[in-house]
Amino acid sequence: MTSSPNDNRPLRVCVFCGSSARVDERYRDAATAFGRLLAVRGDELVYGGGRVGLMGLVADAALEGGARVTGVIPRFLMDLEVGHGAVSELVITDSMHQRKAEMYERADAFVVLPGGLGTLDETLEVLTWSQLQLSSKPVVLVDVEGYWEPLLKLIDHTIDSGFSRAENRNLFRVVNTVDAVFDAISTFPAPSSNVSAKWL
């Protein structure tokens, strides 16, 4: 069983991923594989609370493997994303902001599977917190079949254009398969940059 960075309890992994079911089977397979892997390791899943798309697949696989699964979903999305009724705990928030704050507080690390604008929003907010040293929790992007390459190029573009610093590439790790996620988490370095340097 993997321990969290702070004590002997299981690692609580927050997964950001899409709620659409109209996606490539390879992305669906990755979500299922990650849920199974997390359960085998004895870790816990924190996620967006839906039972559709990749969100539903990762939650179902984790639950089938015996993992504790906590879903966090805003009240107004309960119908749109179809809140998962079988999770260990379903937290209903009043807003998207509260949802993200709740997921952050409950997580030891963040894993990003393929997703759309919501996944981008969650991921970039966490990376911004890391940049500002409001967070030191690991962030790992799973680049399934090159899905995140356009985002990685955009981040490089912000660096090359002077809007971000080169060390921002160290705010996250990129792996190609779900099997590599936990090694990336376990070797994630402690933050070392000076937050004031962002503006200098």
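The analysis rests on a predicted model, in which local features need pLDDT of at least 70 and side-chain atom pairs count only at pLDDT 80 or more, whereas totals for chains, interfaces and linings use all residues. Residues are numbered from 1 along each chain as its sequence is written, and side-chain values use heavy atoms, with hydrogens and water left out.

Secondary structure elements are DSSP runs numbered from the N terminus, namely helices (H or I, at least four residues) and strands (E, at least two). An open sheet is formed by 7 strands in the order E4-E3-E2-E1-E5-E6-E7, with parallel pairing; two strands are taken to pair if DSSP finds at least two bridges between them. From one strand to the next, the twist averages 25 degrees, where axes are lines fitted to C-alpha atoms (for helices over the stretch in contact) and angles run from 0 to 180 degrees between N-to-C directions.

Strand E1 (residues 12–16) runs parallel to strand E2 (residues 44–47) and is joined to it by 3 bridges. Within this pair, Val13 stands opposite Leu45 in E2. E2 is in turn joined to E3 by 3 bridges, again in parallel, and Tyr47 has Gly71 in E3 as its bridge partner. Burial was assigned by relative accessible area (buried under 20%, exposed over 50%, partly exposed in between; 1.4 Å probe, protein chains only). Because 6 of the 6 residues of E3 are buried, this strand is largely enclosed by the rest of the structure. Both of its faces are covered, with Val69, Gly71 and Ile73 buried on one side and Thr70, Val72 and Pro74 buried on the other. In strand E7, Val175 is likewise buried, at 9% relative accessibility. The C-alpha atoms of Val175 and Val142 are 5.1 Å apart in space, although the two residues are 33 apart in sequence.

Empty space was examined next. Rolling a probe the size of a water molecule over the atoms shows where such space is left. The search used a 1 Å grid over the protein atoms alone: a cavity is a set of points where a 1.4 Å probe fits but cannot get out, a pocket is an open set with protein on both sides within 12 Å along at least five of seven lines, and lining residues have an atom within 4 Å of a point. Grid points are joined across faces, edges and corners, and a volume is the space filled by probe spheres set on the points.

The largest pocket holds about 330 Å³ of space. It is lined by 24 residues, of which Cys17, Gly18, Ser19, Gly116 and Thr119 are the closest to its centre. Helix H2 (53–64), helix H3 (96–106) and helix H4 (117–131) each contribute at least two lining residues, and H4 gives the most, with 5. By class, the pocket lining comprises 12 nonpolar, 8 polar and 4 charged residues; Ala, Val, Leu, Ile, Met, Phe, Trp, Tyr, Cys and Pro count as nonpolar, Asp, Glu, Lys and Arg as charged, and the others, Gly among them, as polar.

Across the whole structure, 2 cavities of 30 Å³ or more were found. The second largest cavity contains about 40 Å³ and is lined by Phe16, Lys100, Met103, Tyr104, Phe110, Glu122, Val126 and Trp129. H3 and H4 are the elements that give two or more residues to this lining, which has 6 nonpolar, no polar and 2 charged residues.

Side chains of opposite charge can pair when their charged atoms come close. With a salt bridge defined as a side-chain nitrogen of Lys or Arg within 4 Å of a carboxyl oxygen of Asp or Glu, the count comes to 15. Glu25 pairs with Arg28, with the closest N and O atoms 3.6 Å apart. Both residues lie in helix H1 (residues 25–41), 3 residues apart, about one turn of the helix.

Glu89 forms a salt bridge with Arg68 at 2.8 Å between the closest N and O atoms. This pair links distant parts of the chain, 21 residues apart, with Glu89 in strand E4 (residues 89–93) and Arg68 in the loop between H2 and strand E3 (69–74). Glu89 is partly exposed at 26%, and Arg68 is partly exposed at 36%. Arg68 and Glu89 also belong to a network of salt bridges with Glu102 and Arg106.
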